[in-house]
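Today I wanted to look up the pockets and what lines them.

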Amino acid sequence: MEHLAENRFTLTKGLFLEGMLRISRDGYGKAAKKYSLVFLAIWAAMAAFICFTGGTFSQTLIYLAIVGVILLWLNVLSPRSHAKKSWEALVKRHGEPMERRVRFFRDHLEVDGDCTEKYVDYPEILEVKESRHLYILICADKAGILIAKEGFTRGDAANILALIQGA
């Protein structure tokens, strides 16, 4: 069977981190925002209490700095740390460089790479996410398939995305 499009790229740490952070933004990121609002509400209540009981403005700033560090860890450092650990585990399993080839057919796609082979029917793709350099196909088995925007050696992204959404 003749393939309609082909996407080839080398999976680098930068691309992997970009994909992981984009995926985590929708799941973990929403929860982190809720917790951030809770921490800010707690700080606002503490600041009001401190001002009401005769505390100083510098005390509220100290608590704000503490909350700021917690929010930095929660929203930025923790997701990046998780993504970096995932990258290190992937490199440990497969080594570097990691070449990827995704071939698109009328009813399915095939992923071929270093120690990776996957066959996915288009109805199994639940969602398509986009980042600066990638399309990320989220499958029913929770796997994410990275497609480099600039990696098409045959065909183009617009036709493939239409084919996937049509399924």
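Predicted model: local features only at pLDDT ≥ 70, side-chain atom pairs only at ≥ 80, totals over all residues.

**Entry 1: the largest pocket**

I looked up the volume of the largest pocket and got about 460 Å³. Its lining runs to 20 residues, and those closest to the centre are Phe-16, Arg-100, Gly-144, Ile-145 and Leu-146.

Next I checked which elements supply the lining. At least two residues each come from the helices α1 (13-26) and α3 (57-94), and the strands β1 (5-11), β2 (98-104), β4 (116-121) and β7 (144-148) each do likewise. I noted that α3 has the largest share here, with five residues.

Then I sorted this lining by class. I wrote down 12 nonpolar residues, five polar and three charged.

**Entry 2: the second largest pocket**

I moved on to the second largest pocket, which comes out at about 280 Å³. I found 14 residues lining it, and Leu-21, Ser-24, Arg-25, Asn-75 and Pro-79 are the closest to its centre.

Which elements give two or more residues to this lining? I got three helices: α1, α2 (28-52) and α3. The largest share, five residues, belongs to α1 this time.

By class, I jotted down five nonpolar, four polar and five charged residues for this second lining.

**Entry 3: looking across both**

I put the two lists of elements side by side.

Terms used. Residues numbered from 1 in each chain as written. Heavy atoms only, no water. 1 Å grid on protein atoms, 1.4 Å probe; cavity = no way out; pocket = protein on both sides within 12 Å on 5 of 7 lines; lining within 4 Å. Points joined across faces, edges and corners; volume = space filled by probe spheres on them. Helix = DSSP H or I, 4+ residues; strand = E, 2+ residues; numbered from the N terminus. Nonpolar A, V, L, I, M, F, W, Y, C, P; charged D, E, K, R; others polar.
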